[in-house]
Each structure stands twice: as C-alpha cells, then as structure tokens.
Amino acid sequence: MAKATLTITDNRTGRSYEVPISYGTYAEYGATIRAEDLRQIKASEDDFGLMSYDPAGGNTAACRSAITFVDGDRGILRYRGYPIEELAEQSTYLEVAYLLLRGELPDHGQLDAWTREITLHTMVHESIKKFLDGFRYDAHPMGVMVGTVGALSTFYPEAKNIEDPACRATQIVRLIAKMPTLAAMAYRHQRGMPYVYPDNELSFTGNFLNLLWRTAEPRYEPDPILERALEVLFILHADHEQNCSANTMRCIGSSHPDPYSALSGAAAALYGPLHGGANEAVLRMLDRIESKDRVAAFVEGVKAGKERLMGFGHRVYKEYDPRARVIKTTADQVFCVTGVNPLLEIALELERVALNDEYFIERKLYPNVDFYSGIIYQAMGFPVDMFPVLFAIPRTAGWLAQWEELLLDSEQRINRPRQIYDGCDARDYVPLSERGVRSALEIRARGGECASPESSSSPGRAYG
Ligand code: CMC
C-alpha cells in the first residue's frame with residue numbers, strides 16, 4: 001500500500017518536507033494533513049513558518065467528531081451512523097437527542113428514564129416571566145430566546161462546573177427540556193397571552209403544542225399527525241456537524257463558560273438568514289413573489305445578482321439535501337390536516353424552474369432543509385418569526401453533543417485562529433495637533449505613509 005504521507009517542496013528554498021496524512025472513518029472522505037505540520041516550512045531561520053489560509057473554514061477540519069456524518073456530494077446525512085431517513089421514519093426526537101448525546105440508541109429502560117428526566121425539567125423559574133416583561137410587545141421571538149436562554153446561566157450558577165460530568169448531564173437535560181417552554185413563552189408574550197404550564201402526560205412535541213396553543217380548555221389534545229410531523233421536523237434539525245452555530249457553540253465553549261451562555265451564542269449564530277433564519281426568509285420571499293406566474297421573473301432577478309434564492313444552496317450539499325426530501329413527504333401529511341398552504345404552488349414552481357436552469361445546475365444549488373420547512377410551519381399555524389425558534393429547539397441536542405465532545409477532546413484548546421496581517425507596517429505616532437485634515441483612509445488609498453506588506457521589510461506577523 002502507498003505511504004500515507006505528503007511531500008511538499010518549497011520552491012523558495014528547494015527544501016522538501018514529508019508530512020503524514022491521516023483519515024477518519026472513511027479513507028475517501030476527509031484525508032487531512034495537520035496545519036501545524038506546515039509551520040516547519042520556513043523561507044529563512046526567523047520566518048514564522050507557513051500557515052494555511054482558509055477564510056470561512058471551507059476546507060479545514062476543526063475537530064474530530066463521531067456525532068454526525070454529512071457527504072454533501074452524495075446527499076448523505078447520518079447521526080452516529082444511522083441514516084437520517086430511517087431515524088425520521090421510526091424514531092422520536094428524544095430518542096435521537098439521546099443518540100446524539102450518548103452515542104447509542106436507548107433501550108426501553110434508558111428511554112423511559114431519559115424521557116422522565118426531560119419531562120421533570122420542563123418548567124422554568126417564575127422570574128423568567130418578569131424577565132420577559134422587559135421585552136417589547138413585538139420583540140422577535142428569536143431575540144427573546146437568545147436573551148432568555150443566556151439568562152438561564154444566572155439561575156444555575158453551578159453550571160460553570162463544566163469539568164464535572166454529573167453537572168454537565170444536569171444542564172444538558174435542563175436545556176433540552178426548557179427550550180420549548182422558553183420558545184412558547186416568547187410566542188405568547190408577543191400575543192399578550194397568559195403563559196401555560198407544561199403537561200407531563202404529553203410527549204415532547206405534544207407538550208410544546210400545548211404550551212403554544214392551549215387556551216381555556218382543561219386539557220390540550222394535540223393532533224397526532226401534527227405532533228408526529230413536528231417530531232420528524234425536530235429529528236431532521238437535531239444536528240448538522242460543523243455548521244455556523246455548532247462551530248459557535250464549540251468556539252464559545254472552548255473558553256469554558258457555562259453551557260447556557262455558549263448556547264445563547266449558538267442560537268444567535270443560527271438566527272442569521274444565511275443559516276437557521278433562512279426558513280423565515282423563504283416565507284417572506286414566497287409572499288413577495290405572490291403568484292406562480294411571477295416565478296420566472298424572480299429567478300431572472302436572482303441570476304442577475306439582485307438577491308439570493310433563499311432555501312437554496314449549501315456549503316456542503318452539492319446534491320439534494322436529504323432533509324428537504326423527507327420534509328416534502330411530511331408536508332403532504334400535514335396538508336391533509338391543515339389544508340394545502342397556497343405558497344406551496346409557488347415553491348414547487350420555483351424548485352422546478354431553478355433545477356432546470358443552467359445558473360443553478362452549474363453551481364450545484366438545490367433546495368435545502370429550509371426551503372419547505374417554513375411552508376409546513378405556516379400551515380400548522382406558526383407565525384413566520386417563530387420559524388428560527390423552531391430550528392433552535394431541536395438543534396439544542398446537537399449543540400450540546402458538540403459541546404460535550406469538545407470538552408472531552410484532549411486535542412482541543414481555546415479556539416484561536418491565526419490571521420494574515422494585511423495592515424500598516426510599524427509607524428510613529430502622530431500627535432493630534434499635527435494630524436491635519438488627511439484621514440488615515442486617504443493616506444492608505446494613496447499608498448502613502450502606510451506601507452503595503454510587500455514593501456515592508458518585516459513580514460506580517462500573526463502573534464497575539
Ligand atoms: N441563490 C443564488 N445564488 C446562490 C445561492 C442562492 N441561494 N447560494 C449560492 N449562490 C451562488 C453564489 O452567488 C455563488 O455564485 P458565484 O460563484 O457566481 O459567485 C455560488 O453560488 C457559490 O455560493 P457561495 O456563497 O460561495 O456558497 P456558500 O457555500 O458560501 O454559501 C449558503 C452557502 C447556504 C450561505 C448559500 O447557498 C446561501 O446564501 N443560500 C441561501 C440561504 C439559505 O438557504 N441558507 C440555509 C442553509 S441550510 C440550513 C442551515 O443548516 O443553515
């Protein structure tokens with residue numbers, strides 16, 4: 001068998017270096033060299049050493065992980081080895097959360113104990129109500145979530161004992177259990193509706209529907225089809241390896257704060273329209289398109305660079321997102337109960353036009369998980385601004401699994417990437433009285449006193 005090494009020749013010096021190549025589970029996926037091995041490659045003795053440049057981390061593995069596998073070229077997604085399609089068909093969200101966190105599917109006894117634990121932690125401290133009162137009546141529920149979940153850290157100060165496995169386990173249960181409660185409170189706050197207490201007899205998703213929709217009836221009975229549909233959507237959203245918010249969870253977690261603070265940051269990362277906020281953006285886009293016959297003109301606008309086709313494209317998937325396939329089937333089941341969302345027609349036409357257009361074919365842009373999820377959520381009665389919140393609730397399990405894996409990984413340290421310094425070389429301070437009218441920007445634009453790195457005698461440093 002050929003040697004698993006890479007030989008690099010530095011043409012500046014003529015020297016060659018041999019660095020090892022390592023693999024994960026699959027030899028054809030994820031062969032890597034260690035970026036640190038590049039540091040020995042120096043043009044001169046006092047050279048800092050070669051770094052790799054990878055803005056947005058598109059070709060850099062930041063960790064080893066055994067949680068989720070995505071093969072974007074083949075449209076494959078697996079949690080702990082299990083295909084997402086099989087989990088969505090046969091599992092519940094709490095089983096999947098257990099799988100992500102503990103590595104194996106639970107047996108009967110384990111699932112009962114896990115479900116009981118989660119159920120017993122669904123309530124939040126009554127002070128959270130007062131906290132919510134501080135938000136404006138029209139506060140975006142995702143902003144409320146980011147604030148309140150971070151605030152939970154002040155209710156559980158012991159959560160900072162992240163080295164203690166038992167303490168970590170308690171916070172994990174609390175977070176998974178309380179996210180739906182906080183989400184429903186954010187929703188009801190917006191509507192001026194009284195908050196509802198959890199019903200321990202209901203399933204995880206059934207109870208969430210109860211927290212949201214219950215009014216004066218003594219007992220809320222969730223529709224079993226909608227309850228199951230939400231379960232499937234929660235399973236599909238539970239984890240997605242090193243995406244922007246998981247990466248944020250790991251980045252914040254690497255400085256060792258409590259998990260509530262880290263998770264608040266992860267939720268903030270999710271909120272953006274390029275990530276979990278895309279489901280909300282898709283609905284607003286479909287609303288703007290208004291009718292099927294305006295789809296072609298809209299797509300022309302996208303191709304002309306006026307805007308993006310929201311719910312399309314993915315950093316990793318260069319094939320149909322497997323989650324979007326499952327969601328399409330779930331949509332049919334939901335529409336049997338709720339009636340068809342009129343926006344579906346526009347979405348289907350958008351998908352048809354885009355998938356046959358050279359612009360999208362060439363760039364391998366396919367519908368992602370957010371393209372159809374919002375249409376289902378809207379049919380179920382959720383307002384558009386709740387959509388990112390509906391993403392954050394199930395992703396909590398994934399964030400926590402990533403967080404704990406990080407903490408148990410002896411190779412991980414505080415997250416601290418390097419940079420290529422592209423700014424001014426060292427220069428003398430100019431006292432205020434002598435600065436005149438020229439702004440620093442003008443000076444730079446003229447290529448004046450601020451030396452470019454090429455003209456600098458000392459190479460850009462990356463210390464700090
Ligand atoms: N509409 C139109 N053009 C697009 C789109 C889109 N949705 N996505 C990518 N492109 C084009 C982009 O303009 C670029 O073209 P060119 O090569 O001519 O400059 C090319 O495709 C590559 O795009 P990119 O921005 O380099 O790709 P990326 O990997 O950095 O971005 C993305 C990935 C998801 C941010 C992007 O596809 C996007 O903005 N999609 C819309 C937002 C969206 O649906 N986000 C949800 C992602 S899935 C849920 C989740 O896990 O977050």
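**A guided reading of the predicted model**

The side chain of Asp357 reaches the backbone nitrogen of Tyr359 at 2.9 Å, a polar contact (a pair of N or O atoms within 3.5 Å; within protein, one must be able to donate a hydrogen and the other to accept it, and residues adjacent in sequence count only if both atoms are side-chain atoms). Asp357 sits in the loop between helix 14 (343-355) and helix 15 (358-362). Because its relative accessibility is 12%, Asp357 counts as buried, a term that means under 20% relative accessible area, with exposed meaning over 50% and partly exposed in between (1.4 Å probe, protein chains only). Helices (H or I, at least four residues) and strands (E, at least two) are DSSP runs, numbered from the N terminus.

This is a predicted model, in which local features need pLDDT of at least 70 and side-chain atom pairs count only at pLDDT 80 or more, whereas totals for chains, interfaces and linings use all residues. Residues are numbered from 1 along each chain as its sequence is written, and side-chain values use heavy atoms, with hydrogens and water left out.

The domain assignment, which is automatic or taken from a database, divides the protein into domain 1 (5-52), domain 2 (70-270 + 387-407), domain 3 (278-378) and domain 4 (420-464). Between the C-alpha centres of domain 1 and domain 2 the distance is 41 Å.

Thr5 has Pro20 in strand 2 as its bridge partner. The two strands form a hairpin with four residues between them, and Gly14 in the turn has a positive phi of about 80°. Asp10 and Arg12 meet through their side chains in a salt bridge (3.0 Å, N to O), that is, a side-chain nitrogen of Lys or Arg within 4 Å of a carboxyl oxygen of Asp or Glu. With a relative accessibility of 7%, Asp10 counts as buried.

A further element is an open sheet of three strands in the order 3-4-5, paired antiparallel. Its edge strands, strand 3 (68-71) and strand 5 (82-83), each pair on one side only. Four bridges connect strand 3 with strand 4 (residues 76-79), and Val70 stands opposite Leu77 in strand 4. Asp71 also belongs to a network of salt bridges that links it with Glu28 and Arg74.

Helix 2 (residues 93-102) is largely enclosed by the rest of the structure, because nine of its 10 residues are buried. Among these buried residues are Tyr93, Glu95, Tyr98 and Leu101. Just after helix 2, Gly103 adopts a positive phi of about 95°.

The structure holds 22 salt bridges in total. One of them joins Glu126 and Lys129 (2.9 Å, N to O); Glu126, at 41% relative accessibility, counts as partly exposed, as does Lys129 at 25%. Another joins Glu404 to Arg168, with the closest N and O atoms 2.7 Å apart. Glu404 lies in helix 17 and Arg168 in helix 6 (residues 165-191), so this pair ties together parts that are 236 residues apart in sequence. Glu404 counts as buried at 16% relative accessibility, and Arg168 counts as buried at 6%.

Finally, Ile420 is found in the loop between helix 17 (387-408) and helix 18 (440-445).

Terms used
Pairing = 2+ DSSP bridges.
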